[in-house]
Amino acid sequence: MNKEKICCVGLGYIGLPTATMFAVNGHEVVGVDVQDHVIDTINDGDIHIEEPGLKEMVKGAVMEGNLSASLEPVEADVFIIAVPTPLTENKTANLEYVKDATESILPYLKKDNLVIIESTIAPRTTEDVVLPILEKSNLELGEELFVAHCPERVLPGQIIQELVNNNRIIGGINEKSALKARRIYKSFVQANMYITDATTAEMVKLMENTYRDVNIALANELAKISEENKIDIWEAIALANKHPRVNVHLPGPGVGGHCLAVDPWFIVESAPEKAKMIELSRNINDSMPEFVVRNVKEILFGIGDPKISIFGITYKGNVDDLRESPVLEIIEILESENIDLGIYDPHISEPQKSEYGLTELEESVSGSDIIIIGADHNEFEDLDPAKLAPEMRNTKVYDTKNILDKEKWEKAGFKVIKIGDYSDYAWHKEYGVAELDK
């Protein structure tokens, strides 16, 4: 393997693991970020995000001299752009970070360089936005300067192993660019790598997350319908998925994260008159925080000046990632109505703990009337409800993730309500879905 010098612009949830993976596989990597504390933290061999296994890898790569961080790009053989593409208020892609990152590397580009865009972008962004900027280098694109879109396809909490084991899509602006990009990823990717053009690669990434978002929207809509009909949606989905050609996803308080809550809008933006189902699904999933609040209010009907405890504010379990978290919208709605809140999340550290008003576990439930389970952290499954009950005014819990042991919590005196389940009368509950396999 040839040792390349790699400049990775963006050291967030994707950029830092990617830069580190290249570094531990023998390349000289300089990571670039605009935040001083990120640069200082990485150069000290530490990390500013939560990701299992990453801290040890960063420390080792820094100690070996293969990884460093800088506020400015440097000359390199390969440039990787892994900056965010958040939504604007109009639900369109904010490409300012991508544009700025691409502009920032222009002074350092030279013949035979490879530029890889890992940021998630709408179809034709490489062709219509990135390439016109790179043309300013006065290098012939595809012959002297090679360009590819290689979208990340990893899940926070599992990024390290998925970088290695997930199939990779390599979208070049021409065959030479694609082959050059595939060669660099061979440093660590053990799965298949599929070559295509850049625009197809852009669409593939968006399709993957849109498929999941639409499926979740179906589950959320079925959850609302199940409540109307006194059905436990969790049992119904488990039974439906016994069919060999059915894979209904699970409902919840909404959809968050850097991909599923954002990427479908990029498709809608590219073809607004045609992406009807995709837009409807997004709206269904965006409606879930209001749905949760409405249900909790019904459960608390008749209780004056209630206090609500919220356990978990991240967009998914066992991560510290707050991007697009639907639980933050639940909090915003409740705060707008001046409802007293106690918020607890063991995965959030300072200064975000102060920013979002988080407290310790005991304080969050003191005098509370209900607990909302907002994220499926492992810590919540292991809680002892018997220790929480004496601290609360009313012992109710609304589980949006179906992670609690209902029997254990009810023995401790809690009334347990799951999202999509108003079927406490059902006689067959004692059997359970597992019994049906026997």
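## Second largest pocket

The second largest pocket holds about 680 Å³ of space, where a pocket is an open set of points on a 1 Å grid over the protein atoms alone at which a 1.4 Å probe fits, with protein on both sides within 12 Å along at least five of seven lines, and lining residues have an atom within 4 Å of a point. A volume is the space filled by probe spheres set on the points, which are joined across faces, edges and corners. This is a predicted model, in which local features need pLDDT of at least 70 and side-chain atom pairs count only at pLDDT 80 or more, while totals for chains, interfaces and linings use all residues. Residues are numbered from 1 along each chain as its sequence is written, and side-chain values use heavy atoms, with hydrogens and water left out.

Of its 30 lining residues, Arg 212, Ile 216, Leu 260, Tyr 315 and Lys 316 lie nearest the centre. Helix H8 (residues 198-228) gives the most to this lining, with 6 residues; helices are DSSP runs (H or I, at least four residues) numbered from the N terminus.

## Largest pocket

The largest pocket has a volume of about 1400 Å³, and of the 49 residues that line it, Gly 12, Tyr 13, Asp 33, Gln 35 and Pro 84 are the closest to its centre. Helices H2 (36-43), H4 (96-105) and H14 (352-355) each supply at least two lining residues, and the largest share, 4 residues, comes from H4.
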